[in-house]
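Student: Can we go through this structure together? I'd like to ask as we go.

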Amino acid sequence: MSEHAEKPFLYVVVCAAGIAEDISKLITAAQERNWEVGVIATPQGLGFIDATAVEAQTGRPIRSAWRSPGDPRPFPAPDAVAVAPATFNTVNKWAAGISDTLALGTLCEAYGLGVPIAVLPCVNEALAAHPAYRASVERLRGMGVRFADPYSGEPQQDGGRVEFHWDRVLDLLKADGRS
């Protein structure tokens with residue numbers, strides 16, 4: 001558990017996918033499991049969430065940009081990281097070690113720190129079939145990152161969508177005894 005928080009601290013990395021508008025469901029589930037939560041959004045992911053509502057729910061600012069040298073860290077060190085929803089772009093860049101956003105830099109660093117990471121991909125079937133994506137998932141799994149099955153977000157024949165199981169990412173972290 002981090003030294004700065006009484007409860008374990010969970011970083012939630014949010015990417016640019018339509019389902020991200022429901023990120024409050026993951027925050028609620030994490031808080032019910034005794035996590036303190038801080039949200040880090042990709043720059044594009046910011047446009048998919050209600051920042052005011054998320055900040056009210058977590059009691060912390062959403063992070064999306066690097067802090068200036070000398071600025072205090074707005075979050076304590078993470079005890080775990082949940083990436084939900086995780087997009088094709090983020091998974092591929094992360095596996096390649098690209099750190100061009102705060103979200104990707106956080107993911108790359110979390111591995112080096114030995115922080116448990118779980119991922120709920122939101123990737124359609126065509127992108128999930130791409131060899132680069134498959135190789136990226138394999139590489140990240142080899143690094144100990146836990147993946148749920150991809151969620152395509154594609155409409156069903158009746159026009160509805162399959163439910164995105166936000167709590168699945170917490171279940172994946174539970175294997176560490178973290179939630």
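Student: Where is Asp100 found?
Tutor: In the loop between helix H3 (88-95) and helix H4 (102-113). Helices (H or I, at least four residues) and strands (E, at least two) are DSSP runs, numbered from the N terminus. This is a predicted model: local features need pLDDT of at least 70, side-chain atom pairs count only at pLDDT 80 or more, and totals for chains, interfaces and linings use all residues. Residues are numbered from 1 along each chain as its sequence is written, and side-chain values use heavy atoms, leaving out hydrogens and water.

Student: Why does Asp100 count as partly exposed?
Tutor: Because its relative accessibility is 45%. Buried means under 20% relative accessible area, exposed over 50%, partly exposed in between (1.4 Å probe, protein chains only).

Student: Which side chain does Asp100 join in a polar contact?
Tutor: That of Lys93, at 2.8 Å. A polar contact is a pair of N or O atoms within 3.5 Å; within protein, one must be able to donate a hydrogen and the other to accept it, and residues adjacent in sequence count only if both atoms are side-chain atoms.

Student: New topic. Is Ser136 buried or exposed?
Tutor: Buried, with a relative accessible area of 8%. Ser136 lies in helix H6 (residues 131-142).

Student: What does Ser136 touch?
Tutor: Val91, Asn92 and Ala95, leaving aside residues up to four places away in sequence. Contact means heavy atoms within 4.5 Å. With Asn92, the Ser136 side chain makes a side-chain polar contact of 2.7 Å.
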